[in-house]
Structures are given as C-alpha cells and as structure tokens.
Amino acid sequence: MLAGLLEPLYADLRVTDLKGNILCSARRSGSSLTKPSVSHLKRVIDTQDFSIGNFLTHSSARKTLVDLGYPVFDALGLLRGVVFLSLDLSWVTRTTAENHLHPGASFSLVGSSGAVVVRYPEAEEWIGKTISPADSVKRILSEDLDGSVEAVGGDGTQRLFAFSQVINRMGGQTVYAAVDMPAELAFAETKRLLIHNLISLAVLSVLTIMAAWFGADLFVLRRIHDLVAATKQIAVGKLATRTRMPYGKSELGQLARAFDDLAEALERRESEAKASSEHIEKQRQRQSVLYDINLAITSTLDLDSVLSALLEEMAALFPYCASTVSLINQQSALESIAQRNFGGEEQRQPEVRPDLGLPNAVLELQSPLAVLDARGDPRTRNPEFFRRHRMFSYLGLPMIAKGQTLGVLSPYTMEEHQFSREEMDFLMALANQAAMAVHNSRLYEQSKNQAVELEKSNKIKDEFLGVMSHELRTPLNIIMNYAEALSTQMFGKMSPHQEKGVEKIKSQAGHLLALINEILEITKIESGTATFQKEPINLENFMAEMESDYVMPMEKVLTLNWNYPPDLPMIVSDRVKLKQILTNLINNAIKFTDEGSVTISLRALNGGQSVEFQVADTGSGIPDDLIPVVFDKFRQLDSSTTRNHSGAGLGLYIVKTFTELLGGAISVQSKLGEGSVFIVRLSAGPVGEKARPGVPLTVEQEL
C-alpha cells in the first residue's frame, strides 16, 4: 500500500518506532533514499505534531527531498510511532512553477545562508550554490526580512530578486521562497506583479505540501482508519472482528484480506490458548494436591489425619468421584477403613461395606485396574454396594511404599467414565504419596509402642538394679566387717599368709562396694531421684580432707602431689558430690599410671567467681579418637575381657553427670604415652569471698 503512494509525489515512505527503528517501508531494505534523522525524530516526539525536516539532495535519483514527520497515537492517546514521508520538492516545485511562474523567471527555495536548496528551472546548475553574493541579499536573509532587491546573481547576471520567508521552518532553519529573473526581463512586469506572484507561489507551495498530506488522508488513510478501528477491536479482545472491506486486487484489498486472515488465526490461537490454560490450571491443582498430601506426610503421623486430607483433596479435584481407602490388616486381609462422597461426608465405618472383590484383584495384579461397568464385572463380590450408591465405573490403584503393597485407593463414578491416561497417572502418584504417609504412620505407631515397651523395660531394669544394689550391700558390709575383725586379730592371731589373704578380701570387697555404689548412683541419675545438698564449703579444709584420704602407701611407685593456695574462696556446692567427683578422677589417674606422679591442683578464677580443679597424671594417655567418648557409660580404653584394669567404666560418666548437675563443666587434655589432665570448672556460687582459716561460714552468713 505504501509503495503505491511513492510516485510521483513521494520519494520514500516509512514507519518507525520511537527509537528510530524502521517497522515498515515503501522501499526494499537498503534502497531507501533517506536515512532517519535523530533530531527530526526527537522534534516529532517532543512536539507530538506535524514537523518538516531537513532538505536532502539525492544525486543518483536527481531529486531534492524534504522529510515530513507525523506522530501515530494509539486508542489511549499514547504516542506509539512516527510516519516519515520524503516529499520530492523538485516535482512539487516544477508542477507549481509551470502553472504560475512568469516566463523567464526562476523559483528557488533558499536557506538563511543563501544556499539554493531547490530551483526551477536550471536546478542542477544552482543547487548548493549561493543565490547571490551581494550584501543587500545577505542582509535580507540574515535579518529575516521580506522584500525585493536588484543584485548580481550567482551566475554573474544582474537579476531582480524577490524574497518571502516561508512560515514553517524546514530542518530547523528559516527558508525563503525566492523569485528572480534577469533585470532586462524584470522591467516588463511591475514590481507589484512580481511580489504578487511571489506570495502566490509561496502560499501554493505550502498548500501543495499540505494538500499532498491531506489528500492521502482523504483517499487512502480513510481505509487505513477502518483497518485501525478493526485493530483496536482485536486489541481489546474481540477476535471475531473483521474489516468487512472488499478485497479486490489493490494493495489495500490485499491488506484487508491479510488482516482478516490474521484475525481468524488469532481467534483460533485464543481458543487453543484457552484450552491450554485450562489444562495448565488442572495440572496446577493436581500439583497442589500432591503438595498438600506431601505436607500431610511431613507434618503429621496420625493415620486418620493423613487419610482425611487425601480424601478431601480428591473430592475437591474430582467432584464426580467417590473414593475408598482399603488397607491390609494384621491378618493379611484387605479392610476398608475410610470412604468419602457416598451420599455424605467422610465415613470411617460405612453402613454398607464397600466391595472388596475389585480391590483384591488390584492386589493380585499389583497395577492399576480400570473397569468401565463395575456392576457387571465378574470380579465384583458385593453388587449391593454399587446398586445402593449408584456407582458405575471403577479405578483401583495399588498403594505401594518401599516395595511393599499396603492397600488400594479406589475412586468410583456415578456415570460411565473412561479414566484417561493423564488421570490414571496423577491418581497413581496420589496413591503412592498416600502409601508413603500410611507407611510413615505405621512406623511411627510401631516406634511409639516400642518406646513404651523400652521405657517399661528400663524402669524394671532400674528398679531391679536399685533393689539388687541395696540387697548386695548388706552381705558385703558384713563381709567387710568380719574381714576388718580378722585383720585386728579379734578371733585370734593369724599367720602372715592369713593376714595377706584377709587384706585381699578387704581390698576386693572394697572394690565390689565401689562398683555397687557406682551402679546405685547411675540408677538414681537415670531415674531422676538423685538429690543434692548445697552448703558453704571451705575449700582449704576440703582439700586437706581429700589429701588425708590418700596418706596410706600404695602398691605402685607413684607420688601424689597436692597443689592449692591457702587463700581459696568459699563456694556453695554439694560436698559429697564434689568429693565423689575428685575421688573418681584421682582413682582413675592412679589406676592408669603405673609409675610417675599424679598432681591434684586447685585455683580460683575470675576474682573468686569460679574455681578450677585439675587432676594430671603421667600415665599411658588417651588416644585422640577416644577422647570424645571417654565420658560415656561403660566406656574404657581397653574394653576387652582380658584387659589389665578393672572397673565397669562408670566413674567418668558419674564425674561428668555430677559436674553438669552442679552447674560446671569438665574437659580433658591428653597425649598418648605422656599422660592426661582432667579439668573441672565450677561456679563459686553466691558466696564468692575469701575463706578465713578456722572460721567456717554458716548458711545464714552465706545468705
């Protein structure tokens, strides 16, 4: 259509977006006679009105062109693009001048610098040259004046010039319409006639330009307006709109046909898109159901809640279906435990038992089973169920988790329904999700029952250990008392061998009593019956008491070093438990140190706010991989039955437990073959003041 408007009025026609990119052109790509002007495009966008651009001389086409720009708006009045027309001024000028110019005269369009832009006749000799070098001509052009002057022309001939300023600026500069003729011809006409013709030509030039534009609107753009109106209808979604224009063989007719074909294609695409959107929405809903079921699996382990969520989501997504869930019970038989949409809300114990013939067939097949008419299927065992609830088609889906079939999910329809592959795949995924939820629920119930049984067993064990420990201590104390009586020669004098045997009895009985006491402490700790008696403790006296307990000689070549200052603070703690902590650490150090020394240290930290006990030995040390577990129950460096050191491995566990219950912390540092250091840190409690020798602090003073 645009190409049909080119000759002879327009040299080029194109439409651009607001960035100057060409959207369509009357000429083929690469054959445009002009290039888009950034400044002209900007002027059209800024003014949002008709604009005249620069003059261009196209030598190969022998044409002088001027760009015309016109903005294009959408239905909302927003600027969307620009139409550029390259007007052939040579043709316009020639057409106008031939009808109105005096014989022998010439018409020119002149810039403010005096350069000729368009001239008729003799265009090729004058274009680009100065129309006249005379100062009088330069003054008229520079001062934006109208008038006439006699001066020498650019060709050296004495000429009479008449200038009139063109109202519209072209290309951003002032342009003059000039009529000139040789002076010898000018005298044949009056100056009045010359000026009259000049004004007429100037007006006609502008009118010709405008007429070219509005003529196109009258004869061409009206149909384009019809196309635009149809486009607006398409834009608001009325894809059934057509141009209703006669097609014919013209460019506009072909354009109307192409538009109607496009509208029909869009209408067809919209229908396809709508169907696709509905499909996507179904997929979204199904993904949401799978997500909700997965959420039910991770958020609850209650079987009733899981099945309720499953049936509720199925009812929302498949309102035309009723559903049952049947699980394999402990007798390995299939049992219906939940159903929904059978004439009411979800039911756990339905009045009419669902048919289990088809679900059992699903278990045998281990795959989905679709039956179009379940009422007449020979595998149906309970036809009353289908008749009462008016069910027709059936789909059975095995619920498989961890390779084990747990039951069957069964959707029913009241009308004949052929389940699609898409529906079956989705429902199978749903059944697998539900199977995993059932599996997790059963594992949870099993674990909970096992935990209850284990708790009962632990309680019985603790009670047994407590009773047995108490019962064992009574005869053991009698043994130790009689051994002590024998060692004091109460029953008569003994030989050296007898004395040695009695000492062995006392030693082993003491060891056995220590083990029983440890077991009693563990029983109290784990049963939560351990008690604490906090009291002010004078640490200097406490350490002296501990030192006195180890004054007897030992069987090993071992030295005990005691290192503590005299000005220790008072602390509030449980004396018995604290003594047991240190006793176990010292005994442990002596046990694993064959020769060398064991050093027991005590110091105050943080200005007496806390204290630190250290028990260091020069024994065998602890391997790095055993340090993290050295405080565990029943843990020893050598756990074999042929180990060299006796004990049940409870001492360090009791030490750590008592330390933490007293609000402290214990750590160990060790190097294999060089020894170990056990460090206990305790808060001094609410006392925190220096102890005065011989003056114990009472509870009242401490408070």
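A residue counts as exposed when its relative accessible area is over 50%, as buried when that area is under 20%, and as partly exposed in between. Keep that in mind as you look at this predicted model, because Arg421, at 56%, is exposed by that rule. Below, we visit an open sheet of five strands, then a largely enclosed strand, and finally some of the 17 salt bridges in the structure.

**The five-stranded sheet**

- Reading across this open sheet, the strands come in the order 7-6-10-9-8, and their pairing is antiparallel.
- Strand 7 (116-120) and strand 8 (147-152) are the edge strands, each pairing on one side only.
- On average, neighbouring strands in this sheet are turned by 25 degrees against each other, direction ignored.
- Inside the sheet, strand 9 (residues 158-165) and strand 10 (residues 175-182) run antiparallel and are joined by seven bridges.
- To find a facing pair, look for Phe161, which stands opposite Asp180 in strand 10.
- Helix 4 (residues 135-142) lies across strand 6 (106-111), strand 8, strand 9 and strand 10, and it runs at about 145 degrees to strand 8.

**Strand 11 and its partners**

- Strand 11 (residues 321-328) has eight residues, and seven of them are buried, so the rest of the structure largely encloses this strand.
- One partner is strand 15 (residues 404-413), which pairs with strand 11 in the antiparallel sense over seven bridges.
- Within that pairing, Ser326 has Val408 of strand 15 as its bridge partner.
- Strand 12 (residues 334-340) is also antiparallel to strand 11, and six bridges join the two.
- Here Leu327 stands opposite Glu335 in strand 12.
- Strands 11 and 12 form a hairpin with five residues between them, and Ser332 in the turn has a positive phi of about 65 degrees.

**Salt bridges**

- Glu384 and Arg387 join their side chains in a salt bridge, at 3.5 Å from N to O.
- These two residues are three apart in helix 10 (residues 383-389), so about one helical turn separates them.
- Glu384 is partly exposed at 40% relative accessible area, while Arg387 is exposed at 53%.
- In helix 11 (residues 421-487), Arg421 and Asp425 are four residues apart, which again means about one helical turn.
- The side chains of Arg421 and Asp425 meet in a salt bridge at 3.7 Å, N to O, and Asp425 is partly exposed at 44%.
- Lys671 forms a salt bridge with Glu674, with their closest N and O atoms 3.7 Å apart.
- Glu545, Asp549, Arg575 and Lys579 belong to one network, joined by salt bridges that share partners.

Methods
Residues numbered from 1 in each chain as written. Predicted model: local features only at pLDDT ≥ 70, side-chain atom pairs only at ≥ 80, totals over all residues. Heavy atoms only, no water. Pairing = 2+ DSSP bridges. Axes fitted to C-alpha atoms, helices over the stretch in contact; angles between N-to-C directions. Contact = heavy atoms within 4.5 Å. Buried < 20%, exposed > 50% of the residue type's maximum accessible area, 1.4 Å probe, protein only. Salt bridge = Lys/Arg side-chain N within 4 Å of Asp/Glu carboxyl O.
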